[in-house]
Protein chains: 2
Amino acid sequence: MKNYCFGIDVGGTTVKMGLFQTDGHLVDKWEIPTRTEEGGKAILPDIADSALAKLAEKDISKDDVAGIGIGVPGPIDADGVVPHTANLGWGYKEVTKELSELTGVTCRGGNDANVAALGELWKGAAAGHKSGVMVTLGTGVGGGIILDGQIVIGTNGAGGEIGHIHVDDDIPWTCGCGNQGCLEQVASANGTVQLAKWMQETEPKETVLDLETMTSKEIWDAVKDGDAFACEVAERFGKYLGLALANVASTVDPEVFVIGGGVSKAGPVILDYIKKYYVKYTFKACRDAEFVLATLGNDAGIYGSAKLVIEE
Amino acid sequence: MKNYCFGIDVGGTTVKMGLFQTDGHLVDKWEIPTRTEEGGKAILPDIADSALAKLAEKDISKDDVAGIGIGVPGPIDADGVVPHTANLGWGYKEVTKELSELTGVTCRGGNDANVAALGELWKGAAAGHKSGVMVTLGTGVGGGIILDGQIVIGTNGAGGEIGHIHVDDDIPWTCGCGNQGCLEQVASANGTVQLAKWMQETEPKETVLDLETMTSKEIWDAVKDGDAFACEVAERFGKYLGLALANVASTVDPEVFVIGGGVSKAGPVILDYIKKYYVKYTFKACRDAEFVLATLGNDAGIYGSAKLVIEE
């Protein structure tokens, strides 16, 4: 049994890196810049150099490293191949094969939203659960599904694309994916603001919110202050998420739902709104699923990536 | 390597039984009555007796039997325990343990809709696929999800309960499950009839259909004959199923969808209506999922149950 492993979370501007003991203890974490220029050709060598330097610094032998797990922003297949990831500059890239060759260590890869889910189920809000669904309410709405400890990758890497579940025929603008009516359009940070604006256009109401400049945080603050309009927005947000997660439950019936991302910083109040509608829409047998707020924050990705290379 | 196994499909009135070679060849199939009286206490002994008698008849040694797979109508957990199955008369029952004790052969169990899906992926319409979703449009709407060759059972045995995906807030009557707006209410055989009646109540239209006595089959026959109202019903049916399956795709991203059950006997025309809306609602990456009609009919259950005890 080897004692160490790395969890890497590649983002568009920085790469988060973690050195872990294989029991899940985080030994050290740090960041390096993501150099996306020239087709992102320096990204993997930078990661390899930084990981190997960390081993030298800590006086850890490569023989004592179980592997390197790496999360990337986009689809990646079970063989660690990325077809194309625009925001890293990559075209087709055999990520885990290259990183393994650069480091001499076994590598495994996963999509960033999926590995975040794995991280929360391993050492975060849902620790101890074998099946769970994580929804990340950030700039977009990401999702990751873990069944019996394994990520649901999907045929096209689209397993857990919960943000693109269709929730409303009437949403009048278009999602980044090209469809109309996606959960992401009304439940991400920006989506919540768009939802509030749409509701005001449909039926103007008194509110403390500045409709031009409001943020998702301000909407949730207004909910907590009892602003009637903000509370209506929260109801609609809860309805969309509750409906989408009820339909996820009728599909994979998880033990737990983990809600993370910037929007979730509003706290337990968002769970109340989601659960109210989840219970209304879900199949009877699934009504008692747990709902928890994510606890690992930006570290979920390095934890989950590390878990990719740890067999239990 | 043992050469034989049994696939058993327990229904409310008859038990379908199949003796298979472990390469998937069906050696013999037959039926016995399901004796549900006295808490269904005779059901498993009857199955055991019938299986052992078949071995004697065929002069096959028990040592050459890999196992008995059994599908039951209701939730059953990974340990083969049924909490309660009303239509068999069973309360809590350790199905596979009891059947194994009665026969001296290893047993594994699954839900009937799930094993039907496994059967279609093994030897039916989706043979060769490792991941797929089957929807059975019969009296109700059943579903089964197979990922990487394994049934998605779910925490509460509700994996693949596609019939209870919520598809419409406006459906004015209540589903058997107690919710309102379930796919089953508008896409099962009876549901299609209810849908047609509801559409006529909302907006009466000319049609060749007798609104009092019409069946699902008659609606689809009218679609093929070009009846404008029947075609509107088919559009709505396609929209509901296409929407539900698009949301399933955003969750588990399968290779293939298998459509079975009595309604599917209408033929390829129903796939056209489903796919039209699936493509509209699904996440871009999932658009090329295959749609096929089930081919094993009532034998899907015995094939899938047999597959439960065959490791490949």
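Mentor: A definition first: two strands pair if DSSP finds at least two bridges between them. Please also keep in mind that this is a predicted model.

Trainee: Understood. In β12(A), which residue is the bridge partner of A:F257?

Mentor: That partner is A:F291. The strands β11(A) and β12(A), the latter spanning residues 290-293, run parallel and are joined by four bridges.

Trainee: How does the chain get from β11(A) to β12(A)?

Mentor: The path leads through helix α9 of chain A, residues 268-281, and this β-α-β crossover is right-handed.

Trainee: Is β11(A) mostly covered or mostly open?

Mentor: Mostly covered: five of the five residues in β11(A), 256-260, are buried. In a regular strand the side chains alternate between the two faces of the sheet. Here both faces are covered, with A:V256, A:V258 and A:G260 buried on one side and A:F257 and A:I259 buried on the other.

Trainee: Changing topic, how many residues of chain A are in contact with chain B?

Mentor: On chain A there are 34, in contact with 35 residues of chain B.

Trainee: Which element of chain A gives the most to that side?

Mentor: α8(A) does, with seven residues. Both α8 (228-252) and β9 (141-147) of chain A supply at least two residues each.

Trainee: What is the make-up of that side by class?

Mentor: The side of chain A that touches chain B has 16 nonpolar, 14 polar and four charged residues.

Conventions: Residues are numbered from 1 along each chain as its sequence is written. Chains are lettered from A and ligands numbered from 1 in the order in which they are written. This is a predicted model: local features need pLDDT of at least 70, side-chain atom pairs count only at pLDDT 80 or more; totals for chains, interfaces and linings use all residues. Two residues are in contact if their C-beta atoms, placed from the backbone, lie within 7 Å. Ala, Val, Leu, Ile, Met, Phe, Trp, Tyr, Cys and Pro count as nonpolar, Asp, Glu, Lys and Arg as charged, and the others, Gly among them, as polar. A residue is buried if 20 or more other C-beta atoms lie within 10 Å of its own, exposed if 12 or fewer, and partly exposed in between; C-beta atoms are placed from the backbone. A crossover is right-handed if, with the strands pointing away from the viewer, the path from the first strand over the helix to the second runs clockwise.
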